[in-house]
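Here's a quick briefing to read alongside the model. Take a look at the sequence and the fold, then go through the points below.

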Amino acid sequence: MNRSTLRMVMTILMYAGVGVFLLPYVIGKASTGPLLMLVGGLMSVICGLLRCCLMDRE
């Protein structure tokens, strides 16, 4: 897998993490809200940092 493909995958996963973060607002379930927000936030931050590291080396 080359860097541009990996960077694109990290971008998609970063935005998917934002979607998971916002999912409790859409479905309206408060019981799973904190867990989904935590998982989505961590996923977005980790994939965003990895994406930045991949762009920095070019």
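**Ala 16 and the helix pair**

With a relative accessibility of 33%, Ala 16 falls in the partly exposed class. Ala 16 sits in helix 1, and its C-alpha is 7.8 Å from that of Gly 40, a residue 24 positions away along the chain. Keep in mind that this is a predicted model. Here's the rest, by topic.

**How the helices pack**

- Helix 1 covers residues 3-27 and helix 2 covers residues 33-56; their axes are 7 Å apart.
- The angle between helix 1 and helix 2 is about 160°, and angles over 145 degrees count as roughly antiparallel, so that's the label this pair gets.
- As for handedness, helix 1 and helix 2 make a left-handed crossing.
- Sorting the residues of that contact by type gives 18 nonpolar, seven polar and three charged.

**Other spots on helix 1**

- Thr 11 is another residue of helix 1, and with a relative accessible area of 17% it's buried, since the cut-off for that class is under 20%.
- The Thr 11 side chain also has a partner: it makes a polar contact with the side chain of Arg 51, at 2.4 Å.
- Met 8 belongs to helix 1 too, but here the relative accessible area is 52%, so Met 8 is exposed.
- From Met 8 to Ile 27 you go 19 residues along the sequence and 28 Å through space, C-alpha to C-alpha.

**The cysteines**

- How many disulfides does the model have? The count is zero.
- A disulfide is a covalent bond between two cysteine sulfur atoms, and the cut-off used for calling one is a pair of sulfurs within 2.5 Å.
- For Cys 47, the closest cysteine sulfur is the one in Cys 52, and at 11 Å that's too far for a bond.
- Cys 52 has its closest cysteine sulfur in Cys 53, but the 7.0 Å between them is also too far for a bond.
- Is Cys 47 buried or exposed? Its relative accessibility is 9%, so Cys 47 counts as buried.
- Cys 52, on the other hand, comes out as partly exposed, at 47% relative accessibility.

Definitions and conventions: Residues numbered from 1 in each chain as written. Predicted model: local features only at pLDDT ≥ 70, side-chain atom pairs only at ≥ 80, totals over all residues. Heavy atoms only, no water. Axes fitted to C-alpha atoms, helices over the stretch in contact; angles between N-to-C directions. Helix = DSSP H or I, 4+ residues; strand = E, 2+ residues; numbered from the N terminus. Parallel < 35°, antiparallel > 145°, perpendicular 65-115°, else oblique. Left-handed = near helix turned anticlockwise from the far one by under 90°. Nonpolar A, V, L, I, M, F, W, Y, C, P; charged D, E, K, R; others polar. Buried < 20%, exposed > 50% of the residue type's maximum accessible area, 1.4 Å probe, protein only. Polar contact = N/O pair within 3.5 Å; in protein donor to acceptor, adjacent residues only side chain to side chain.
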